[in-house]
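Here are my notes for you on this structure. Keep the model open while you read, and find each residue as it comes up.

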Amino acid sequence: MSTPQPPVGIDELLERIRQGYERVEAREAYAAARAGDALLVDIRYAALRSRDGLIPGALVVERNELEWRLDPLGSHRVPEATGHDLRVVVVCNEGYASSLAAASLHQLGLLRATDLVGGFQAWRSAGLPVTPWDGRVQSS
């Protein structure tokens, strides 16, 4: 029988998770998406998308559906989930939930999954393109 591990706070958990991959800055994510080298996936909830808008070309996937939609072996995957070598950049509002989401994708074998440092707010602050949200979830 193994000895139980002591509880870990969220700050320590995030630090540990982020050591497992290289996060990307907004301009790098923009360039990779434009070049077709990365799929941007917006996991923000509807109220934030409504308030702040969308990253043009980003796939909107509700956080609670992320693993089902991006698992290349899954029966509920989106067409963009083409294989385990897919480079996914997860975008949340400020870059915290996206780190946890990227770690979850790693567990599914999507080892090139990463997240956007500072999230959507960093994207917008960098002056990168944003469009109004029309209310549709693109992954359904």
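1. Let's start with a term you'll need a lot: buried means under 20% relative accessible area, exposed means over 50%, and partly exposed is in between, using a 1.4 Å probe and protein chains only. At 10% relative accessibility, D52 counts as buried.

2. Some ground rules. This is a predicted model, where local features need pLDDT of at least 70 and side-chain atom pairs count only at pLDDT 80 or more, while totals for chains, interfaces and linings use all residues. Residues are numbered from 1 along each chain as its sequence is written, and side-chain values use heavy atoms, leaving out hydrogens and water.

3. Now the overall layout. The protein chain has six helices and four strands (DSSP runs numbered from the N terminus: H or I of at least four residues for helices, E of at least two for strands). Starting at the N terminus, the order is α-α-β-α-β-α-β-α-β-α. The radius of gyration is 15 Å, close to the 14 Å that the globule rule gives for 140 residues, so the protein chain is as compact as a globular protein of that length. That radius is taken over C-alpha atoms, and the globule rule is 2.2 Å times the number of residues to the power 0.38. Along the principal axes, the C-alpha atoms fill a box of roughly 55 × 35 × 30 Å.

4. What share of the 140 residues is buried? The figure is 46%. As for contacts (heavy atoms within 4.5 Å), take those with a separation of 6 or more: 70% of them come from residues 24 or more positions apart.

5. On to the salt bridges, each one a side-chain nitrogen of Lys or Arg within 4 Å of a carboxyl oxygen of Asp or Glu. By this rule there are nine salt bridges. One of them joins the side chains of D115 and R23, at 2.9 Å from N to O. This pair links distant parts of the chain: D115 sits in strand β4 (residues 114-115) and R23 in the loop between α1 and α2 (26-34), 92 residues apart. Both D115 and R23 are buried.

6. Back to D52, which forms a salt bridge with R124, with the closest N and O atoms 3.2 Å apart. D52 lies in helix α3 (residues 46-52) and R124 in helix α6 (residues 119-125), so the pair ties together parts that are 72 residues apart in sequence. Buried or partly exposed: which is R124? R124 counts as partly exposed, because its relative accessibility is 37%. R51 joins in too: R51, D52 and R124 are linked in a network of salt bridges.

7. Have a look at R44 and D42 as well. Their salt bridge has its closest N and O atoms 2.7 Å apart, and both residues are buried.

8. Next, R69 in helix α4 (residues 66-70). Its relative accessible area is 17%, so R69 is buried. What does the side chain of R69 reach? The side chain of R69 reaches the backbone oxygen of H76, at 3.0 Å.

9. Finally, the surface. The accessible surface of the protein chain is about 7,800 Å², and 52% of that belongs to carbon and sulfur atoms; such areas come from the Shrake-Rupley method with a 1.4 Å probe. V8 lies in the segment before α1 (10-18), and V8 is partly exposed because its relative accessible area is 36%.

Methods:
A polar contact is a pair of N or O atoms within 3.5 Å; within protein, one must be able to donate a hydrogen and the other to accept it, and residues adjacent in sequence count only if both atoms are side-chain atoms.
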